[in-house]
Amino acid sequence: MTAVLTADLGLDAASIEALRALLAGGGKRIVITTHHKPDADALGSSLGLARYLQKEGHQVQVVAPTDFPAFLDWMPGRSQVLQFDKSAQTRAEATRLATEADIIFCLDFNTLERINDFGPIVGASPAAKVNIDHHLLPQPFAQVVFSDTSAAATAELIYLVIAALGGRGQIDGPLADCLYAGIMTDTGSFRHGSTTARIHRVIAELIELGADNAKVHRLIYDTNSLNRVRFLGYCLAEKLVVLPEYKTAYFAISAEELKRFHIQTGDTEGIVNYALSLEGIVLGAIIIDRTEMVKMSFRSAAAFDVNTFARRYFEGGGHFNAAGGKSTDDLPRTIERFLQAVAAHGAELAALG
Ligand code: 5GP
Ligand code: MN
């Protein structure tokens with residue numbers, strides 16, 4: 001197999017050397033963690049990196065702050081993931097592992113708040129922290145940082161880091177599947193503007209190394225429960241609100257509706273894209289009453305910056321065209337605030353095409 005990505009992998013040489021030094025000698029106690037409610041990029045990056053580091057002789061534990069969607073259950077190594085918030089016992093175990101670790105990898109997030117109550121524990125641990133991420137405006141909490149906001153997925157960066165460490169030979173089919181899944185989902189199946197030539201080269205190498213692309217696609221997109229598909233139909237038929245004057249469309253879902261359709265973690269993922277799929281719409285949103293808080297997802301086309309929008313109005317963030325936020329107001333009040341925020345950007349939105 002000839003690698004098509006050659007010497008210049010676009011990673012900071014000093015960070016690679018710092019990481020190489022941290023890993024030197026093998027046998028390190030390593031914790032890998034990622035953002036709460038991990039998606040395919042978060043979990044695929046974590047399990048892919050874990051598999052590489054295990055092959056290199058390190059002791060590795062993946063800690064997820066919360067549960068994650070069932071459509072990720074197929075991921076190799078998934079059964080070894082420790083869910084921090086599952087019980088007092090898992091909290092204690094994750095705390096012990098993080099406190100005793102030599103290295104903690106923080107993947108696919110840019111501030112410790114994204115890992116909920118595990119954040120202060122990671123922050124206080126004497127372990128060296130390594131942050132590998134592609135979100136905008138990273139906070140400085142790690143000693144070694146690979147932050148590339150032009151990367152479409154953290155999994156892309158994981159591949160490049162493994163390659164830069166000379167580890168391509170350790171990438172087998174299951175590892176390649178994990179990284180493929182992260183890249184496939186974060187690029188919207190290779191259709192977002194973030195889908196660069198470099199990412200296609202990475203994908204080409206992952207397929208050569210054994211990623212089963214058709215299988216991964218099926219496992220992620222064609223394993224819906226009937227509930228989920230019926231809920232999508234309900235949202236499209238009954239819940240989609242279009243504001244043509246602001247080129248905006250959104251869904252607002254109540255806690256009662258989530259209950260009525262037996263919605264599980266991950267079941268609402270992707271619905272927001274249908275708002276943006278409408279011709280002439282440049283801002284799509286989904287606002288969901290998760291009881292403990294109202295969660296929101298924003299997607300934009302063209303030049304509307306939802307990262308800034310989410311930060312300014314809803315304590316959130318993310319990427320230029322895909323971001324999220326939250327609100328502790330109730331659903332009606334949150335919708336009202338969303339509509340005010342949209343109106344405040346009305347002229348800007350109306351001018352986009
Ligand atoms: P999603 O809408 O799919 O949950 O998230 C879209 C993007 O925004 C992801 O990259 C995610 O990490 C980020 N994101 C979602 N919610 C939040 C949030 O509350 N705070 C921050 N900083 N980022 C978020
Ligand atoms: Mn990501």
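**Exercise 1. Polar contacts of the ligand**

In this predicted model, determine how far an oxygen atom of ligand 1 is from a polar backbone atom of Gly324, and then examine the side chains of Arg114 and Lys295.

*Solution.* Step one: the separation between a polar backbone atom of Gly324 and an oxygen atom of ligand 1 is 3.3 Å. Step two: an oxygen atom of ligand 1 also lies 2.8 Å from a polar side-chain atom of Arg114. Step three: the side chain of Lys295 has an N or O atom 2.9 Å from a nitrogen atom of ligand 1. Step four: the protein buries 82% of the 500 Å² that ligand 1 exposes when taken alone.

**Exercise 2. The shell around the ligand**

*Solution.* Step two: the largest contribution comes from S12, which gives four residues. Step three: there are 13 residues around ligand 1, and those that come nearest are Arg114, His135, Lys295, Ser297 and Arg299.

**Exercise 3. Helix H2 and its partners**

Describe how helix H2 (residues 40-55) is oriented towards H5 and towards helix H6 (residues 173-186).

*Solution.* Step one: the axes of H2 and H5 come within 8 Å, with a crossing angle of roughly 15 degrees. Step two: angles under 35 degrees count as roughly parallel, and H2 and H5 are therefore roughly parallel to each other. Step three: the crossing in which H2 passes H5 is right-handed. Step four: the axes of H2 and H6 likewise come within 8 Å, but cross at roughly 155 degrees. This makes H2 roughly antiparallel to H6. Step five: H2 passes H6 in a left-handed crossing.

**Exercise 4. Helices H5 and H7**

At what angle do the axes of helix H5 (residues 154-164) and helix H7 (residues 197-208) cross, and is the crossing left-handed or right-handed?

*Solution.* Step one: the two axes come within 11 Å and cross at roughly 65 degrees. Step two: H5 and H7 are therefore roughly perpendicular to each other. Step three: the crossing of H5 and H7 is left-handed.

Technical notes
Residues numbered from 1 in each chain as written. Chains lettered and ligands numbered in written order. Predicted model: local features only at pLDDT ≥ 70, side-chain atom pairs only at ≥ 80, totals over all residues. Heavy atoms only, no water. Near = heavy atom within 4 Å. Polar contact = N/O pair within 3.5 Å; in protein donor to acceptor, adjacent residues only side chain to side chain. Areas by Shrake-Rupley, 256 points an atom, 1.4 Å probe, with all protein chains shown as cover. Helix = DSSP H or I, 4+ residues; strand = E, 2+ residues; numbered from the N terminus. Axes fitted to C-alpha atoms, helices over the stretch in contact; angles between N-to-C directions. Parallel < 35°, antiparallel > 145°, perpendicular 65-115°, else oblique. Left-handed = near helix turned anticlockwise from the far one by under 90°.
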